[in-house]
Amino acid sequence: MTKRTRRQFLHDSMLVAASAVYVAPALSGVARAQTTSPNEKLLCAVIGCKGRGGDHIGAYAGRKDCEIAYIVDADEKVGQERCASVEKRTGRRPKFVKDMRTVFDDKSVDFISTATPNHWHALCGVWAMQAGKDAYIEKPISHDIPEGAALVAAAKKYARICQVGTQCRSNPAIQNAMKFLADGGIGQVRLSRGLCYKRRKSIGALGDYPIPGEVDFNLWSGPAPYTNPKVTRSQFHYDWHWQRLYGNGDSGNQGPHQTDIARWGLGINTHPVSVIAYGGRLGYQAERKDPNYVDAGDTANTEVAIYDYGDKCMVFETRGLSVDNSADQEINTMFGSTRGNKIGVIFYGSDGYLVQRTYTNCVAFDLKGNKIKEFNGGGDHYGNFVQAVRSRKSEDLNSDAYQGHLSAALAHLANISYYLGENNRVSPTEAKAILEKIKSRDDNAETLNRTLQHLKDNGVDLDKYPISMGPLLQFDPIKEVFTNSAAANEILHRPYRAPFICPTVDKV
Ligand SMILES: NC(=O)c1ccc[n+]([C@@H]2O[C@H](COP(=O)([O-])OP(=O)(O)OC[C@H]3O[C@@H](n4cnc5c(N)ncnc54)[C@H](O)[C@@H]3O)[C@@H](O)[C@H]2O)c1
C-alpha cells in the first residue's frame, strides 16, 4: 500500500460507523442555567483532572457560589484522588465518571470546565454546548483550525458562555498594558515578538510502552487514532503535548498565552494572511550524548513563525533547549536575566518598547531604554467566567471562544508550515536566502542568526542536523483555507474516529 493510500485507508476507517456518533441531548441544561438565582449554587463538572485540571478544581472548590458535582477523568486513579481532595476541602464528594457524556446527559449540570489533552477540547466543548452547558475550555481551544471555528459557531448557535483558558486576559497587569499600547503609549506598534524560551528536555526514546491499567484508553484517545495496546512515549500523561496526534508542541502549549497577548497588543482581531515557520526537534542527540538517539516527540522544540497581517507583523519564537547564558544580550536585558526561561512578549513601537515579562508584570521603556511605566497585578479568570455564566452575556467574558480560536489558530498555522517543510532541511545560507525574500517587519536574517547561534550553543551540529524550512503559506482569514497549497489544506483538519467526531461549522 502506498503512503497516500495507507493514509486514506486510515482516514476512511476512522469515519466508518458514523451512525454511532454521539448526539448530545439538545439544550437540556438551558432552563436551569438561565433561571439559577444568584444565591443558588451553580453545579459544574471538571473534565480532565490531572495537571491543569487541579487548578480548575481548586478554583471552583474555593467558591461559595459553585459546587463540583462531577469529576470526569479517563484515568480512574486520577479521578478518585481528585474526588477525595474535593471532599476533604468542601465536605461533599463529587460523583466520579470516566465518560463525559454522562455529564452532558445530566440536566442539573450548569457548566463544564475542561483540561483534557488538546485533541479533546473542541469535541468536549461542542457536545457540552449542544447539551446546554456553558464551557470553560483550556487553551489551545482546538487541535486544528476547523475545530476552533466549530466551537465559535456552537457558542453562538446555542447562546452559551464559552471562556478560553488564556488567563492573562483577566490580569490587570496585562489589561492595563494593552490599553497603554492602544492609547499610543509607545507610539505606533506594528511588530510584536512572542517568546517561549522554556526548557523542555527529551521525553525519552521513541518506543512501545504499555498503557497504565487505570486509564480507559478508548476514552482517552477519543477523536485521535486508537493505538491500543501501546503508546510510543514512556510517560503516559503530560508528554502527549509533544506528539502531534494529541498535542501541538510548545507553540500550541505555552504559545497561545503569548500569541494571544502579542495579537491583542497589536489590536488584531483576525487571522494573518500568511505564515512561514522553520525549526526542528533538535539537540536531544547532544543532550543524550548519542548521535543516533530518537526522541518520542514529533513536534518542533525549536520553531520560529512569522505571521503577516498586512500592515502589522508578529513573530513567535519557541526554544526548548537551554537559554542559560544565551548570547541574546538585548533579550536578556529586557527580561532582566541572563539565566532561565524567558516567556513573554515584546512590542516594538515608534516611541519605545513594552515587555510582557510575566503573567502579572509588563514594563514600558522609551527608545533609550528608560523605564516609562510598569504594570502589575493578577486577576480571576474563573471568576470572570462564573460571572458571565450568571449574567448570560458573552460580552462579559475576558476571553471568549473567538479570541481563543484566533490565538490557537496561530499555533496551527505555524505547525502546518513546519510539518510540510519537515523534510526540507536547509543550510544556514539557504535559510537566509529564503527568509530575506519574505515580507516582514522583523529583521528575518537577524532572528535566524540568533536562532542558529542558540542551537550551536546547545551543541547542535547544524551540518548533521540542519533546520527544516516550511513553505510560505497564504491564508484566507475569512474562509479559513490556504490559497496557495493543496497540501496545507489537506492537513488543515484531522480525521476522526467514530463516534468521537467533532462537527464542522455548518453541522454544529
Ligand atoms: N491555562 C494554563 O495556564 C494551562 C496550564 C497547563 C495546562 N493547560 C492545558 O490544560 C490541558 C491539560 O494539560 P495537562 O498538562 O494538565 O495534561 P495532563 O495529561 O496532565 O492531564 C490531562 C488529564 O485529562 C484526562 N483525560 C484524557 N482524556 C479524557 C477524557 N476523554 N475525559 C476525561 N478526562 C480525560 C487524562 O486522563 C488526564 O488526567 C492542556 O490542553 C493544556 O494546554 C493550561
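A: Here's a walk through that core, starting with the chain around it. Keep in mind that this is a predicted model.

The protein chain has 508 residues, and 59% of them count as buried. The chain folds into 17 helices and 20 strands. Take the contacts with a separation of 6 or more: 73% of them come from residues 24 or more positions apart.

Now for the core itself. The largest nonpolar core holds 52 residues. Tyr70, Met100, Val103, Phe104, Ile112, Trp127 and Trp220 are the ones with the most contacts inside it. Several elements each supply at least two residues, among them the strands E1 (42–47), E2 (66–72), E5 (134–137) and E6 (162–164). H6 gives the most, with eight residues.

Let's zoom in on Trp127. Leaving aside residues up to four places away in sequence, Trp127 touches Tyr22, Ala24, Met100, Arg101, Phe104, Trp120, Pro499 and Phe500. Met100 and Phe104, two of these partners, are also on the list of residues with the most contacts inside the core.

This isn't the whole story, though: a second, separate core has 41 residues, including Leu181, Val275, Tyr419 and Ala488. In soluble globular proteins, nonpolar side chains tend to be buried together.

Conventions: Residues numbered from 1 in each chain as written. Predicted model: local features only at pLDDT ≥ 70, side-chain atom pairs only at ≥ 80, totals over all residues. Heavy atoms only, no water. Helix = DSSP H or I, 4+ residues; strand = E, 2+ residues; numbered from the N terminus. Buried < 20%, exposed > 50% of the residue type's maximum accessible area, 1.4 Å probe, protein only. Contact = heavy atoms within 4.5 Å. Core = buried A, V, L, I, M, F, W, Y, C linked by side-chain atoms within 4.5 Å.
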